[in-house]
Amino acid sequence: MRDDIRICELNWIEYDRRLREEAPVVMLPVGSLEQHGPHLPMHCDSLIPTAICEAVAADTGGLVAPTLTYGYKSQPKSGGGNHFPGTTSLDGQTLISLVRDVIKEFARHGVRKMALMDGHYENNMFLVEGIDLALRELRRDGITDLSIAKLPYWEYASEATLEKAFPEGFPGWPLEHAGVMETSMMLHLHPEFVDMEKVPMHPPADFPLHDMYPYDPATVPSSGALSSAAVATAEKGKMFMDEYVSGAAAALGEAFAEPENVIILGDKS
Ligand code: ZN
Ligand code: MN
C-alpha cells in the first residue's frame, strides 16, 4: 500500500523519476458534474471512479492523474437529462479534445501504460474517440508503444453482490443513476455528502425504446433519480467497492502483463 499515488501531489522531479524507474500505470478517472437526485451531491460520477483508481493504484504501485470532472451531456435514460440545474456538460468535441490532449501529454512525459476509468455513462464513445485520436497522432510522432486500458468499473460487481444489493431485482445500470449502487458507494466513501431522508421513493423510470430530440423533460422523474435508492447501505457500498477494486486491479494485471518467456520444447525423438 502506498500513499504517494496522486500525480498532482508529486513534484516534477519525483514524478519524472517514478515514470522512468517504475514505469507505472497512470490511471485517469473521468466523471461529470451532474444532478444525482435530491439525496446525493453532483460530483458522484467523479468521486466514485477517483476512489477506485486511488485504491487500485495504492495496491498496485500505479499513479492517479487528476480526475476530468466534466463529462458529456446527461441523457434522460441514463442521467435524467441535461435540463436539470447544476448538470454542467461538455459538447462531445470538447470532451474528445480534452481526453486526446491529456493522453498526448502523458505520452510526452514517457507514460506508456494508461487506464481510463469512466464514472459517467454518457462519456463512453467520446473517451474511445479521444483515445483513438491520441494514439493516431502519437503514432505519427513515432510513439507506438503506448497502451491504454478502458475500465468499466460497474461491470466488476458479481452476480452474488447484485442479488444482495437489489433484493427486488437489478434494474440495469442505466437506471441505476442516483440509485442503490451509486448511493451505497457514496454512503461507504463519503457519507457526509448523502442525505438518506431525501431519497425518492418512486418506481424505476419507464422509458419507451425510441428516443426523441428534443426530449420532453416531463418523461423523466422530476426528482432526477431514475430508480429509488431506498435500500442503499454503506455495507453494500463496501461490498461493491471491494469487488470494483479487486476487479480493476486484476484487469490491469491482465492488460499490462509482461509477455511470458516462450519455452521451445526440443525434438524428443
Ligand atoms: Zn452517476
Ligand atoms: Mn452520470
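This note goes through a predicted model, taking the metal site, the sheet, the helices and some single residues in turn.

1. The metal site. The manganese ion (ligand 2) is coordinated by an OE atom of E34, an OD atom of D45 and the ND1 atom of H120, at distances of 1.9 to 2.3 Å. Along the chain these donors follow the spacing E-x10-D-x74-H.

2. The zinc ion (ligand 1) lies 3.6 Å from the manganese ion (ligand 2), and D45 coordinates both ions. E34 belongs to the loop between β1 (26-30) and α2 (44-60), while H120 belongs to the loop between β5 (113-118) and α5 (124-140), so this pair ties together parts of the chain that are 86 residues apart in sequence. E34 and H120 are both buried.

3. The sheet. Four strands make up an open sheet, in the order β2-β1-β5-β6, with parallel pairing. β2 and β6 are the edge strands, each of them pairing on one side only.

4. Pairing of β1. Towards β2 (residues 63-64), β1 is joined by two bridges, and the two strands run parallel; here the bridge partner of M27 is V64. Towards β5, five bridges join the strands, again in parallel, with M27 standing opposite A115 and V26 having M114 as its bridge partner.

5. Burial of β1. How much of β1 is buried, and what follows from that? Five of the five residues of β1 are buried, so the strand is largely enclosed by the rest of the structure. V26, L28 and V30 point one way from β1, whereas M27 and P29 point the other way, and all of these residues are buried. This can be read against the general rule that in a regular strand the side chains alternate between the two faces of the sheet.

6. Geometry of α5. At 1.5 Å a residue, the 17 residues of α5 should span 24 Å, and the C-alpha atoms at its ends are 25 Å apart, which agrees with that expectation. After α5 comes G142, whose phi is positive, near 90°.

7. The buried residues of α5 are L127, G130, I131, L133, A134 and L138. Seen down the helix axis, these buried residues fall within an arc of 170°, so they line one face of α5. In general, an α-helix has 3.6 residues a turn, so residues three or four places apart point the same way. Among the elements that cover the buried residues of α5 are β1, α4 (92-109), β5 and β6 (147-151), while the face turned away from the buried side carries the exposed residues M125 and R140.

8. Not counting residues up to four places away in sequence, I96 touches F126, E129, G130 and L133. The C-alpha atoms of I96 and L146 are 18 Å apart in space, these two residues being 50 residues apart in sequence.

9. Helix α7. Eight of the ten residues of α7 (180-189) are buried, so this helix is largely enclosed by the rest of the structure. The buried residues are V180, M181, E182, T183, S184, M185, M186 and L187. What covers them includes α2, α6 (159-165) and α8.

10. H190. Where does H190 lie? H190 is placed in the loop between α7 (180-189) and α8 (234-255). Leaving aside neighbours within four places in sequence, H190 is in contact with L47 and M185. The C-alpha atoms of H190 and C44 are separated by 9.6 Å, although these residues are 146 residues apart along the chain.

Technical notes: Residues numbered from 1 in each chain as written. Chains lettered and ligands numbered in written order. Predicted model: local features only at pLDDT ≥ 70, side-chain atom pairs only at ≥ 80, totals over all residues. Heavy atoms only, no water. Donors = N, O, S within 2.8 Å, 3.2 Å for Na, K, Ca; no water. Buried < 20%, exposed > 50% of the residue type's maximum accessible area, 1.4 Å probe, protein only. Pairing = 2+ DSSP bridges. Expected span 1.5 Å × (residues − 1). Arc of directions from axis to C-beta. Contact = heavy atoms within 4.5 Å.
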